[in-house]
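User: I would like to learn how to read helix packing and sheet order in a model. Could you take me through the general idea and then the case at hand?

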Amino acid sequence: MGEQLTEIRFMTEIPHYLHILMEAKESFEQANPNVKLIIQQAVDDFESAKALESEEPPDIIELGGFPVGNPDGLFIDLTPYVSELKGLEEDWYPGLRQAIGHGGNLPGLPLEIMMPLIMYNKEMFDRAGLTYPTDEWTWDEMMELARKLTIRDAEGRTSQYGFGIGVDIEWWEPFILRNGGRYVSPDGSTARGYVDSPATIEAFRKLIDTYRVHKIIRMPNEPSGLEEGRKHEDAAMNFTFGWHFFHHPDPDHKYAVVGLPKMPGGVETNMLYMAGAGVTKKSANPRLAWEFLSHYILASRSWILPNTRSQALQQGLTNHPVWSRYLQELHHVQLGAFFLSRKWNASRQLVNDDINRMILEGVDVAQTLRSWTRFA
Amino acid sequence: MAFEAEDRASTANKAVPAGMTSADRDQSLVERAQQGDTEAFGELIEQHRNKARGLAERLTGDPHMADDVVQDALIRAFMHMGSLVDTSRFLPWFYRIVRNQANMRLRRGGPHRKEQPFVSILTSSETNSSRVDWEDLDSILYHLARTAADAATREHDPAEHLLRKEMYETIHSLLHCLSRKERDIFKAYFFRQLSPDEIADMYRMTTGSIYTYIHRSRQKLRKEHVRVSLGLLPEKKEGSGLARHKLLEMPAWQADPPIMSTFVSNIGRMLAAISDQWEAAEFMGVSTFAFRMKLSDKTTFADGIYVFDWRAVLQELMKEIGYEISILCGQLADSPVPLLGAVERFPIVLRIEEAVIPFIRKHIDVGKPVLYFDTRVTKPYVHEWSVIYGYDDGARVVHLTDPMLPEGKILSYDDVTDNPVRFLAGFGSKLEQAAGKTARRSRETRAREQALRTIRFAIDYAKNGCDYRPRTSYLNYTSGLAAYDRWIGHLQNPHIAPNRYGMGQLSAVYAEAKRYAALYLRGVLLDGEAMRLALLASEAYEQTADAMDELSRLVPFIRTSEVLSPDMREVCVVHLEKAKMFESAAIGYLEKSIAITAGEEGNGQ
């Protein structure tokens, strides 16, 4: 008579990495024939947290946003397990390790790790006779290039824009951080003195000026005519997360990436986007759950970008023209307001409404940012 | 005589972690609250509210008056937080406020018996500063009271102009707390910039009494402003109610089984409870929910069903059928919140029972049930709209419906207060028919106009999608006919596993919606060729519903972690393609029907 199967319940709200998860499940079950992984999907954090209160609580929960500081107390601290794996701490990208351990505990392992860079269309630069940008470029230089790369006909119709970026408070944050500003305090307790600081206002004004003064970017209410997934094609430079290259493979190297431009504040940093998965406090088999989690995230070779330098090396990413550049950013990433203040993030759509008003109606930037102190 | 709660006010709480007393924690929260941190204030109140209510009840001998006393005390405490010099003495200070408020309520003459002189406006700390603090009503009022010439200069600054506009809107929304006369005098002084002498002349009153009116209005508005920012309810105009519990009869609505679009289903039940019975199909049409279909761009999650502008849609629907509606809405910032696509636009509110339970009592006491968004609904649902039809202060529970429990259920006051999504709505009075031309129009004409509005909505929604889109890069949905393509795309994408559970709910809800679309169109009041085309559209919707029913039979709505096999995905795609083909045909007939109607109207002019 065989041993009884131990079930590990894994709840995820991320549908697009299920193939990596299923591969990990298969290999783990092969190596551990007495273990059965049960994969469940949840639409959001609320459903995951609710499942934890059910009769069959998940052993592992995977969230779309890494649970920095374990705000809902769903997860156990993985630090003791991590310290058992020799060399792991040193192998981790330092900026990433610091971010996930914010507040002193490690509630999970990060996945879907990504940062933005500027992706530029080499052909558009060549046609304009412009030199490709380098990591030393400044904001003003980027604006100058964007002006030269914006093409309008005699009637003012634009066939090509210099720059493209989505209107979202989180996506604008790296420019604010690089200027020495912030949305919220490092402990996330307040926006007062941060979102209304001169450095934040200065950087924000520069972003609004791209629309209103330089006119090098498509207005939010201006239809593009390009179908979903091709909207980047009418701008010579785009603010781009690495996952773009998954969806739009670029075998002919038509595009290249460069770091975000230097802001007057002179801070070398970037924002960090990451999901996370952790072992829940309700797990009856936390060690087994941890073993699967580390197998899935730290041993898998499918992650772009991975957690550690050795993973990146094994996957050949350190020599890749695009991924190697994204990996560099992992040395100096920092947590944005999304991770630090749930209260701030809860008003994200109202904040985005205000950004649209600043762009479209010219509402005063400083006054608006001062009014955002009420959001955190 | 000192009450036990007051005696214990400075005693350390034994449950607090070693090394930190509850007094230490209070002190830290008080310091944060003094900086205007409403979360910290909420936490303080959370800890001490029950005892404060106990104290108020013993002082007043009336549980409802005790609620009012605590609510008033909360407002006063928040307003005067800055005056608490010794931050370690919060609790005794708060109890003193509760005691004062209780005495005030018990004393004849009410809270505004003793008025302070108007001159206090001019001695406010803002007097010497040219900068307006837009968060502070006193500062705004002072700013308003400056000379018209000053204001005109500032009007040239677009930002100042916008803030003035927003501020006017804010103040207008607060003005309901004033009496008619107070409001008129307030507007004359602050908005029209008339002098107290001029206003006194207008109203044949003394200048002194105008000052008193203005001062009293300012006090009331300030209190109302704090009440609104804390998410509390407008002050009751009537005396304290006597009922400690009340349970309304909930007659079954004629829709059986209940409509799966629970937003519509529960509004229908609420209307039935006040003897306004609607046909299910007609209500699904009038509400436009028979024609909506929305899918997440991530996978076949069911959250698209709930992503629309709850407040606007409810208000429009109620206006359409002739009711006033009052809505209480918000989100808690300190727990996971579902349906961010819709809820992230709600204001952050505090976990304060006084902000929720009195709203329920107020409506139930006058025989009107309350629409409620329940996040503790029975499986397989995760969250759903329901109707609260009773409350019991003794047991501290509300009675409400649940789609899986025909007999209904109860939730504790704490459950309701801790709901991360705060969405409650209650009917006001029936709106009067507009006078003149509208009133003379026949019932048939109104029904016909209504049908044309719904059909135009159906066409626009099918072709262009929903006009409500979450304002964030991470939440995207596809609606209308394009939703079929999105759905099929999810099923055919080799890189994702479609969500089986979400598929079940989507199929069941939308199969039923399309069946109601067919029924609704069969009953619309159109003539001749336009009606024939509407009937053809109805027939096409029947076939759409048949195809969706097939899908629903293959993937029933149950809670499961089962994964759809590749074969099953293929079969589902076939049914969805069929449904899309029929609904496209239906929309084509509706377009022709509308074109003919428009042509007839054009010829008739």
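User: At what angle do helix 21 of chain B and helix 22 of chain B pack, and how far apart are their axes?

Analyst: This is a predicted model, in which local features need pLDDT of at least 70, side-chain atom pairs count only at pLDDT 80 or more, and totals for chains, interfaces and linings use all residues. Residues are numbered from 1 along each chain as its sequence is written, while chains are lettered from A and ligands numbered from 1 in the order in which they are written. Helices (H or I, at least four residues) and strands (E, at least two) are DSSP runs numbered from the N terminus, and axes are lines fitted to C-alpha atoms, for helices over the stretch in contact, with angles from 0 to 180 degrees between N-to-C directions. Here helix 21 (residues 500–522) and helix 22 (residues 528–554) of chain B pack at about 160°, their axes 8 Å apart; the two are therefore roughly antiparallel (an angle over 145 degrees).

User: Which strand order does the open sheet of chain A have?

Analyst: Strands of a sheet pair through backbone hydrogen bonds, either parallel or antiparallel. Two strands count as paired if DSSP finds at least two bridges between them. In chain A, the open sheet of 5 strands has the order 6-7-8-5-9, with mixed pairing. Strand 6 (151–152) and strand 9 (255–258) of chain A stand at the edges with a single partner strand each, so one side of each lacks a neighbour in the sheet. Strand 5 (residues 116–121) of chain A pairs with strand 9 of chain A in the antiparallel sense over 4 bridges, and Asn121(A) stands opposite Tyr255(A) of strand 9.

Terms used. Angles under 35 degrees count as roughly parallel, over 145 as roughly antiparallel, 65 to 115 as roughly perpendicular and the rest as oblique.
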